[in-house]
Amino acid sequence: MADKRLSLDELVGELHSGMTIGIGGWGSRRKPMAAVRAILRSDLTDLTVVSYGGPDVGLLCAAGKVAKVVFGFVTLDSIPTDPHFKVARQTGAVESMEVDEGMFYLGLLAASQRVPFLPTRAGLGSDVLRVNPTLRTVVSPYDDGEELVAMPALRLDAAIVHVNRADAHGSGQILGPDPFFDELFLGAADRRFMTTERLIETDRFATEGALQTMCISRLLTDGVVETPGGAHFTACVPDYRRDEAFQKEYVTAAGDGDAWTEFSRRYLDVDEADYQAATATPSGEVSK
Amino acid sequence: MTADSGVSRAEYCIVACAEVFRGDGEVMASAFGTAPAVGARLARLTFAPDLVLTDGDAALVDGAPALGAPTSTLVLESHMPYRKVFDVVWSGRRNLIMMASQIDRTGNQNISAIGDWSRPKAQLVGVRGAPGNTVNHTTSYWVPNHSTRSFVEHVDVVSGVGYARAREAGPAATRFHEIRRVVSNLGVFDFETPERSMRVRSVHPGVTLGEIAEATGFDLVVPDDVPETRAPTLEELDLIRDVLDPRGLRDREVKQ
């Protein structure tokens, strides 16, 4: 069986400027933040980011990596909005495709199934159709004749998700209560990457959780990277909860130029090992 | 038997939110904001025993836990991750109370952005599920700060779809569309008029129609006789105060 293990740098090396990149997780939950931080350190630019948005979107916007965001929301969950994304939108720094979060799901599903669109009521009558003039409706070919939104496939050049456990062959295990849409991000993408809290032997999955938690098959992945604490500061239950104190620090720093420079110096202009050290508690125990 | 004296404004709002769920049987209640969250639980414990509540994460819960009850104390009855939430939304077996940063005369709601969408004055959270929710199942709104900034002639970005916009979009949009209520800190509103424009359904005790008109950026339909919002029964008041919101979170959302 193929050994799909990569380093973070190797993962980023597979990405190119101008790509459309899907990022798994939801809001400020189980985001592949180590990979996002690695992108921040790279010279990648002009990306289209497709995300159930959280701080991944905010950080990438703040670093000038983003040309366009495809989203239904961008939220930090316990804090309603991301400050960097707000600035990016309000200054017109990024282009946007804003759709209903169910339309977003159907766009990923259509891409996964290799069909051009999927029909839905979601979007009808709303400004989603006004602000996305390329969206089309479709008339049912059956007797009902209903006119529905034709949500186009959200095809991705690459996707990155973060899971609790994975093996070297690219099977992944999500131990938290919600797998979100990670499978569909991977299914919609040409190049598929998974970061994980811990790489384990395949025969250990069954001791970690029930069969249903083994929800990412190796059919869906090209590369896997072990990144302990790799979702920090977003939640990665049951391994750790959201680091609310750090998230507040992020939001506070984002509102102030000098504070943001200092935040970047301490946490972003450093490699992943130094980031993990800088965000660990003094006792050495990770404060997540 | 009611308990008119000593009932807070927040408690009237909770009862008004609970009433949104009356008569719906076995549907999934989703409720954003404190008064809606307590209201849905109150309905579940009293007149809507078949209502299905969520834990706010990825499960359905049995009973009606207090606000902020530790996860370990909840009795879970089913798995409800986001992907399955959409199955419920699109099946129509859901009744939702969302918040609204702006709401207008025909029930359009905005949570996306203030100002011009292409370069907004203020970026909000995003349309979220509002477009799909409103054309698939019953939706109501909770506005804890009724003012001319929240009740506007036209919302800036139509996120949740109101009656006129649904009608324009055609039968596929109107088929399962119902904006049932708007509950604010001042009163309760509905769209039970021939033109489907917003009507005063009841005023909370202590609020005048004049105050409501002054805080609203468009002309409301005002019937000849506008009742006061129903008071909680003694049983309901005990449930609100002792069981569902013992820490008094409701008074932080709505003052007085």
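Tutor: Start with helix α2 (residues 34–45) of chain B, which lies across β1, β2, β5 and β10 of chain B and runs at about 155° to β1(B). Helices (H or I, at least four residues) and strands (E, at least two) are DSSP runs, numbered from the N terminus. Axes are lines fitted to C-alpha atoms, for helices over the stretch in contact, and angles run from 0 to 180 degrees between N-to-C directions. Contact between two residues means that their C-beta atoms, placed from the backbone, lie within 7 Å.

The model is predicted: local features need pLDDT of at least 70, side-chain atom pairs count only at pLDDT 80 or more, and totals for chains, interfaces and linings use all residues. Residues are numbered from 1 along each chain as its sequence is written, while chains are lettered from A and ligands numbered from 1 in the order in which they are written.

Strand β1 (residues 28–31) of chain B runs parallel to β2 (residues 52–54) of chain B, and two bridges join them; strands pair if DSSP finds at least two bridges between them. A29(B) has L53(B) in β2(B) as its bridge partner.

The whole sheet of chain B is open and mixed, with nine strands in the order β4-β3-β2-β1-β5-β10-β11-β12-β13. Because β4 (76–79) and β13 (199–203) of chain B stand at the edges with a single partner strand each, one side of each has no neighbour in the sheet. From one strand to the next, the twist averages 25°.

Helix α1 (residues 9–19) of chain B also packs on the sheet, touching β5 (94–99), β10 (138–143), β11 (179–184) and β12 (187–190) of chain B. The direction of α1(B) makes about 175° with that of β11(B).
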